[in-house]
Amino acid sequence: MIHRVSCEMGGKTLTIETGKLAKQAHGSVLVSYGDTRVLVTACCAPEPRAGADFFPLTVEFAEKFYAAGKIPGSFHKREGRPTSEATLSARQIDRPIRPLFPEGFYYDTQVVATILSVDPDADVDVAAAAGASAALHISDIPFNGPTAGCRMGRVNGEYIVNPTWTQIDKGETDMEIFIVGTEKAIMMVEGGAREVPEEEVLDAILKGHGEIQKVVKIINELRSLCGQPKRKFTAATPSSSIKDQVMSLAKANLMKALRTKEKAARYQLVGETRDAAVNTIVTESLKKEDPKAADKLETEVKSIFDLLQYNLMREMILSDKIRIDGRDTKTIRPIAVEPGLLPRTHGSALFTRGETQVLSVVTLGTTDDEQIVDTMFQNTMRKFMLHYNFPPYSVGETGRIGSTSRREIGHGMLAERSIKAMMPAFEKFPYTVRIVCETLESNGSSSMGSVCATSMALMDAGVPYPKPVAGIAMGLIKEGDRFAVLSDILGDEDHLGDMDFKVAGTRDGVTGIQMDIKIEGVNEQIMRTALAQAREGRLHILGEMTKGIETPRSEMSKYAPRITTIMVPVDKIREVIGSGGKVIKEIVAQTGCKIDINDDGRINIATNDAAASKKAIDIIQGIIAEVEVGKVYRGIVKKVVEFGAFVGVLPNQDGLLHISEIAHERVNNVLDYLKEGDEIEVKVIEVDRMGKVRLSRKVLLPLPEGGESHGGGGRGPRSEGGFGGPRRGNPPQGGGRGPRPN
């Protein structure tokens, strides 16, 4: 039986139906929003994963190019590994639903959102987020939802619910924030803005939550119509006797470890304390007599130990107001900055905050370096890229290096969004820009360290970056009505805390924001406190950054390409390109420059050689130049004919030097005066309405003795070359009697 529920959202109807497609999945819904159609399924294994100590949830966002009426551009002509955009969408579904599964639920669970039809004016992420929650909610899988998503924009000061792809892509909105929440709380925030004040960002989030509540309501209605009974699940309860033993054995040393500022020393003491508790409780005799029972007991001891560490750290912060490294809730760790660290790169900067260190490197390129973007929505070129790397050595571990993880893609996009908001327009700075952020050390918020390092690296590269941008990560510890918001969190505070709230921006407003919650949401009071505290911390970090570099370098690196932009009339573009690109290829061959011609007449010339750039500009300007009557040109004789010569006065313009205009005396044979390849000075004496040019050489020559000029001569018809008929001031053919005006 098919069940269907609907609501209005952003001026369109959002419909969720079940009972027609993918009926063998544990939960399956088809979401319709405008012409967008997303099939979302949820499945869960019948038994927990053996030995798991984490929730094995996977979320897949399956882009299908047929949904947009496109054929994939790959060699195999089929969808391959997920695009970065698909990965980001999958993360936006995963992060808010993950905290809503029961503690200790270690069953393999998979959510798959398959995009069947795409409407650029109907947000596919919003549809997929609603579908994921609905599929889980109507299934038998334990899930403390539902949730829903909403994207907020603002055009001309007016908030827009789920702005269209066109509005986002063309930059019509000054903010774009994706929000996911339950009926009562916010679970996730992800987005960017162009220096929007914190209060207005919060206003957009709260308005978005109002839209979310409408979708949550219909998902609950759908469950009441067809929801399955939830499977019974009870988390394992630790043995009270073992809990007491772990407390007795480990509490003292754990308290000491949690007051150890240096990360490596703290981790070592925690590890030694855990091993000592395990070895005391799990005896050697038990390992020999019953290895399975020993393994089970060891797992339980470690679980109890982790819970003890979790509770001790949180209570220390809430009751004693002391953090792991001794700071209060608002203090920022020591900051060191060093722009211009690398000698041969186009721009670089090292940013160190406590035990988090990021090296950002800027490379400037031309349009040849643009990235091809081929997604369901886009088939374009990307001129700005930020890539974030998190190698295992940054946390003192070994691991595989090679493929980019989902986490690296997500962190890189957050940093890219935060930085891109302040990048100059391509028309003003016509470079392709690639930034690589190498995380060298990590102990909390390397993504925000990437924002800080990149801002300085761009200035070091001489990019006209108007204002520095800094980022900070906020944390939360919440127990009942008590809560503490933490500025500049450590890795342990992220791991053992309840929130990771990152805010990036300038002194004047927010450019990037991301919030992930590990509890069942946060309210307006907590968000308002976190935003205000984040701004205070961000201003402090910006002040430290300006000690290293405050404004962009006046000169770019000598190793960076110089791009000079000139404008040519649109109707001259064809002449610059030439037939089959012949002209532009010759210019590139002669100068060694990279030359990019745009449809609007903008030409970008890139080279490290100033002389080559000038030569290319001179050639192009010569091609587009138009002859002026009365102006003297130094030209090359292209062709000699019986009635005169054709002289090239500009690269794309020849004129006729008639036999009567070669010399003051009578000229009987042109070859007595000129031959092909001669370089001569001529003056333009006429350009007719057809654009044909008439030249004179004799007007530039001194008059013969006696002041008399005889021109004329030649026996060919005057009409050849397009200048037929006697002209005013000229004697008839064969004449030459009497003075001629110069």
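Select helix α9 first: Glu 408, Ile 409, Gly 410, His 411, Gly 412, Leu 414, Ala 415, Glu 416, Ser 418 and Ile 419 are buried there (under 20% relative accessible area, with a 1.4 Å probe and protein chains only). This is a predicted model, in which local features need pLDDT of at least 70 and side-chain atom pairs count only at pLDDT 80 or more, while totals for chains, interfaces and linings use all residues. Residues are numbered from 1 along each chain as its sequence is written, and side-chain values use heavy atoms, with hydrogens and water left out.

Helix α9 covers residues 406–420, and its 15 residues reach 21 Å from first C-alpha to last, close to the 21 Å expected at 1.5 Å a residue (1.5 Å times one less than the number of residues). Helices here are DSSP runs of H or I with at least four residues, and strands are runs of E with at least two, numbered from the N terminus. Now show what covers the buried residues of α9, including α1 (84–97), α10 (446–460) and β20 (499–505).

Next, select Phe 501. Beyond its neighbours within four places in sequence, Phe 501 is in contact with residues including Ile 472, Met 474, Ile 513, Met 527 and Leu 531 (heavy atoms within 4.5 Å). Together with Ile 16 and Val 433, Phe 501 touches the most other members of the largest nonpolar core, which has 127 residues. Helix α2 (residues 124–138) gives the most to this core, 11 residues.

Finally, go to strands β28 (residues 679–687) and β29 (residues 693–696), which pair in the antiparallel sense over four bridges (pairing takes at least two DSSP bridges). Both belong to a closed barrel of five strands, β25-β26-β27-β29-β28, with mixed pairing.

Conventions
A nonpolar core is a set of buried Ala, Val, Leu, Ile, Met, Phe, Trp, Tyr and Cys residues joined through side-chain atoms within 4.5 Å. Buried means under 20% relative accessible area, exposed over 50%, partly exposed in between (1.4 Å probe, protein chains only).
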